[in-house]
Structure formats: structure tokens, C-alpha cells
Amino acid sequence: MLSLSFLPFVIKRTSAVAGLFLAMGCQPAPSPDPTLVLLVAVDQLRGDMLQAFDPVFTGGLRRILDEGLRFANGTHDHAATATAPGHHTLSTGVHPTRHGVVGNEWLEQFDGQWRSVYSVEDLDRTILGYPEAEGRGPANGYRSGLPDWMLANDPLSRVVSLSRKDRAAIGLAAQARGEVYWLSEAGGEFVTSDYYHSEYPEWIQDFNTQTLPGIYADSLWESMTPPSAFSLARPDSSDFERGGGTSTLPYRAADRVDVADPMDLNRWRYQRTPFPDRAVIAAAIEAIHVLELGQRGSVDYLGLGLSQTDVIGHRFGPRSREQLDNLVRLDLELGRLLDTLDQVLGPEGWILALSADHGILEIPEHLAEQGVDASRLTSDDRTHFRQVMAEATEGDATPETVKSSIEALPFVAAAYTFNEIESGTPADSFATLFANSHSRTRVAGQQGTYGVYMRRQPNILSWGGNATTHGSPYYYDRHVPIIFMGAGVSAGLSSERVATIDVAPTLARITNIPTPDDLDGRVLDVRIPD
């Protein structure tokens with residue numbers, strides 16, 4: 001909850017009071033430029049979810065919704081709705097076709113052979129403390145981003161980017177070298193690669209050894225949601241959720257893993273609980289204090305990839321009791337973070353943008369219960385697809401013949417050849433979205449190796465073991481919140497059509513950071529006029 005000592009700052013931001021100043025013939029006092037930029041990406045937070053669960057929020061999400069400027073019609077404008085492209089798009093202000101990170105992974109040719117490439121793999125790098133692990137870094141990205149622009153403008157600026165996921169932490173940092181850390185799944189500690197450091201700084205070592213064990217030690221996930229709010233979600237049980245034997249809170253590590261094995265216990269927390277986001281926010285608060293973010297006369301950057309909404313959404317669905325409880329917890333943790341910013345910098349000393357890397361499809365069976373035509377692909381569908389592809393690619397296959405064969409499948413709405421995507425005259429609005437994710441050298445799926453994109457019918461879950469997933473160009477996968485808050489932001493709700501490519505240039509303008517002149521995004525008008 002917001003303390004009374006901060007209420008004057010909240011009131012100053014409201015449009016009603018701004019209007020009162022004008023009616024009295026006075027101008028509001030100009031807002032000082034913020035010294036800390038905070039970019040928060042809540043993984044898989046579909047654009048309508050905050051409103052769906054709004055009544056239960058009392059902490060940071062409450063403040064962001066009440067005090068921020070929320071764009072209700074915000075989307076990713078690319079077809080590849082996944083974690084890595086979403087985070088890179090937010091930080092760079094350009095579409096995936098230009099920043100190069102076109103998926104979480106893709107197929108790429110090496111010596112004439114197609115090989116799977118992970119979005120943030122860098123085989124020339126090493127994970128500090130884990131020399132046997134595959135290296136990580138931003139080598140696959142083509143573009144600089146907001147953190148790079150800040151460092152170019154002021155080399156004394158500091159860049160911090162934190163997440164459970166490596167592809168989120170690295171994506172929010174773009175190409176900048178800074179304090180970039182992600183959680184080790186088995187080790188249960190924050191790690192980085194030698195792209196960023198030759199050895200771990202003392203502050204993160206101390207956090208890993210002294211602070212993290214106390215906040216990342218849970219072996220029980222029980223509900224924190226007030227019973228009065230249960231009706232905001234679906235019942236706490238569903239045959240279609242993937243709870244692993246049970247889909248009802250509470251969840252006990254002892255029911256799934258050997259709790260005496262620290263690695264097993266860490267994996268349980270990492271893969272199945274809300275707890276990693278608490279660790280990420282605690283590390284962010286530590287960084288604010290120890291690194292004196294925003295307190296040294298330079299404009300600093302803090303990127304936070306909050307990943308557990310994605311983990312829980314895949315397993316239980318976006319309207320599940322588990323997702324509701326996860327967001328209740330996230331609301332409280334973000335409240336602690338915002339209170340820290342107020343205490344250290346003052347409410348006008350920082351600027352925040354909150355968004356997401358992608359949305360999510362409702363569990364198809366739940367949609368079907370509501371009369372929506374929705375389903376999930378079966379093993380027979382997968383077999384049928386493989387057979388069609390095998391027949392289509394025999395002999396002298398062309399993109400056109402592969403396209404024709406794919407479009408005959410009952411679960412496919414359309415297919416597009418690379419030549420069509422590059423023609424400049426898109427066949428439909430979806431072709432434009434594919435163009436914004438397009439790469440000839442980094443392709444998705446077997447059809448991609450033949451120069452073809454495939455668009456499934458809407459509300460069809462692709463193959464995989466999750467309760468639901470994302471990845472389509474449909475609105476439910478592209479619709480995300482875009483909210484700005486702090487440093488003189490005009491609170492309210494806007495119906496203006498905006499996109500995630502607009503986030504980085506807008507934050508740069510607010511903090512007077514020069515940007516490249518070829519961005520895809522534009523500057524949004526979010527501040528009260530001086």
C-alpha cells in the first residue's frame with residue numbers, strides 16, 4: 001500500500017489536478033528528469049489479465065494501474081510471439097526481422113546442414129562458475145537498444161538486467177555490457193557469462209551467498225489469495241491443467257522431488273512456482289542500493305524480466321487460481337520495489353514502463369466450454385503433418401508446392417512463401433506480421449527450411465505438453481499491457497493504438513537519450529506538459 005507521505009506526489013500526477021492548475025491560470029511545476037529507467041517485462045502477461053484480476057491488487061500493480069498511463073490497445077506487431085523476440089523488441093525499438101532474434105530458437109545452416117540455434121547462445125563464451133555449460137550472450141542480436149544508447153550518451157551510466165531466464169535478462173540488456181544476471185536452474189543462484197564479467201562482482205556474490213538463501217528456500221507453495229477473490233479465477237481444479245498429478249493448491253516440493261537434493265529442489269522452484277520472481281526483485285532492490293542506481297548524477301537502467309507468469313500460465317492457464325495467486329504475490333513484490341525507488345530517489349526520480357513479451361491462448365477446452373471453436377492438435381495431426389511435408393518435399397520441391405500442400409491441412413489457415421513476404425504487397429495483415437519476424441537464414445520448423453511460413457487456424461493449440469501456449473500471430477498472443485509510470489507521467493487510460501516497439505524510444509525521449517534515427521517505434525506522449 002502507498003504510505004500517506006507519498007500522496008501529494010500521486011495527486012500532482014492526476015489529470016484532474018492538472019486541469020485545476022490550468023483553470024486557475026497556473027502551470028504545473030515542471031517535472032525533473034528521472035535518473036533511473038526501469039523496464040519491466042512480465043512474461044506472458046496478456047493485455048487483459050491485469051483488468052481481470054484488478055480487484056485483488058493492493059501493492060505495486062495497484063499503483064501502476066492507478067498512477068500510470070495505460071495503453072489498452074498495445075500489441076507486439078510481429079508473428080513470432082515468444083520470449084526472446086519479445087524482450088529484444090522492447091529494448092531495441094525495432095521488429096525481430098531487424099534485431100535478428102526471430103524466435104526462442106531457430107534453424108540455421110552451418111556447412112550446408114540445418115542446426116538448431118538458441119536465441120542467446122554464444123559458443124565463444126563461458127558461464128562463470130559453470131564452464132561445462134553452453135555459453136550465453138547477445139551475439140545473435142543485430143541491434144543496440146536503450147541500455148546501449150544510455151551508455152553511448154554517458155559512459156558512467158550503469159546497466160542492470162535481471163531475470164530468471166537468460167533470454168529475458170540478455171534481451172532487455174540488448175548488446176550492453178553491464179550487470180546482467182539470470183537464475184541457474186539447478187544451482188539456484190544468479191549467474192552471468194564472461195561477455196559481461198571476467199569474475200563475479202562482490203555484490204552479486206554476497207547476494208547469492210547471504211541474501212538469496214533466505215528468500216529462495218520455500219518448499220511449499222500455498223495460496224496467498226484472499227478467499228473473497230477466488231471468483232476472479234476459474235475453480236482450483238481442471239482436467240486440462242498440467243499440475244503433475246494434482247492441479248490444486250497448495251503444492252509441496254516433497255510430492256514431486258527429493259527435497260534433500262538441493263538441485264532437485266531448485267529445479268522444482270524454478271519450473272513450478274512463483275518464487276524466482278521474488279528473487280529477481282530482491283536482487284533488483286539490492287542493486288539499487290549497492291550500485292547506487294540513479295544516485296550518482298547519471299541516468300541508469302534497470303531491466304527486469306519477471307518470468308513465472310509464463311511458467312504458471314503454460315501449466316495452469318491464464319485464468320487459473322494458480323495464476324491469480326502468482327499475480328497477487330507479484331503485486332506485493334513490485335510494491336516493495338516501488339517503495340524502495342520512492343525512498344531512494346523520490347517519486348519523480350524514476351520512470352517505469354511495464355509490458356510483456358507476448359500473450360497467451362486460453363486453455364482450448366475452457367474456450368470450447370464457452371462455445372468457442374477451439375482445440376489442440378493430436379498425435380494424428382502431427383503424423384499427418386509429417387506425411388504431408390514428406391510428400392511435398394520429395395523431388396524438386398518448391399516453396400509454392402510446399403505452401404499448397406500445407407494449406408490443404410484442416411488445421412492450417414494460410415501459408416506464405418518467403419518471396420510473398422518480401423514482395424512489399426502483403427496478402428493480408430498476417431503477412432505483415434510475418435514480415436516483421438522474417439529472416440531467410442533463421443527459420444522456424446521444417447516448412448521454414450523450404451521458404452514457407454505456416455499460420456494455423458485460431459484457438460488451436462500447437463503440439464506440446466502444456467495446458468496452453470503462445471506463438472501465433474493472433475491477437476490473444478500479441479496483446480500486451482503497455483503502461484508508463486513515474487516522473488511526471490499523466491495517469492489515465494488511453495485507447496491509442498500503440499506497439500511494443502514504441503517503449504524504448506519513449507523512455508529514451510523522457511530521459512533525453514539520443515536514439516538511432518531508423519527505429520521502427522515512435523515516441524508516445526505520456527507526460528504532463530511542463
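Biologist: At what angle do helix H15 and helix H16 pack?

Modeller: A word on the source: this is a predicted model, where local features need pLDDT of at least 70, side-chain atom pairs count only at pLDDT 80 or more, and totals for chains, interfaces and linings use all residues. Residues are numbered from 1 along each chain as its sequence is written, and side-chain values use heavy atoms, leaving out hydrogens and water. Helices (H or I, at least four residues) and strands (E, at least two) are DSSP runs, numbered from the N terminus. Axes are lines fitted to C-alpha atoms, for helices over the stretch in contact, and angles run from 0 to 180 degrees between N-to-C directions. Here H15 (residues 379-392) and H16 (residues 399-407) pack at about 155°, their axes 9 Å apart. The two are therefore roughly antiparallel (over 145 degrees).

Biologist: Which residues make the contact?

Modeller: Contact means heavy atoms within 4.5 Å. H15 brings Val-388, Met-389 and Ala-392, while H16 brings Thr-401, Val-402, Ser-405 and Ile-406.

Biologist: And the sheet: in what order do the strands run?

Modeller: Strands of a sheet pair through backbone hydrogen bonds, either parallel or antiparallel. Two strands count as paired if DSSP finds at least two bridges between them. In this model, nine strands form an open sheet of mixed pairing, ordered S7-S6-S5-S10-S1-S11-S16-S2-S17. S7 (190-191) and S17 (492-499) are the edge strands, each with a single partner, so one side of each has no neighbour in the sheet.

Biologist: How many bridges join S1 and S10?

Modeller: Seven, in the parallel sense, between S1 (residues 36-42) and S10 (residues 300-306). Val-37 stands opposite Tyr-301 in S10.

Definitions and conventions. Parallel < 35°, antiparallel > 145°, perpendicular 65-115°, else oblique.
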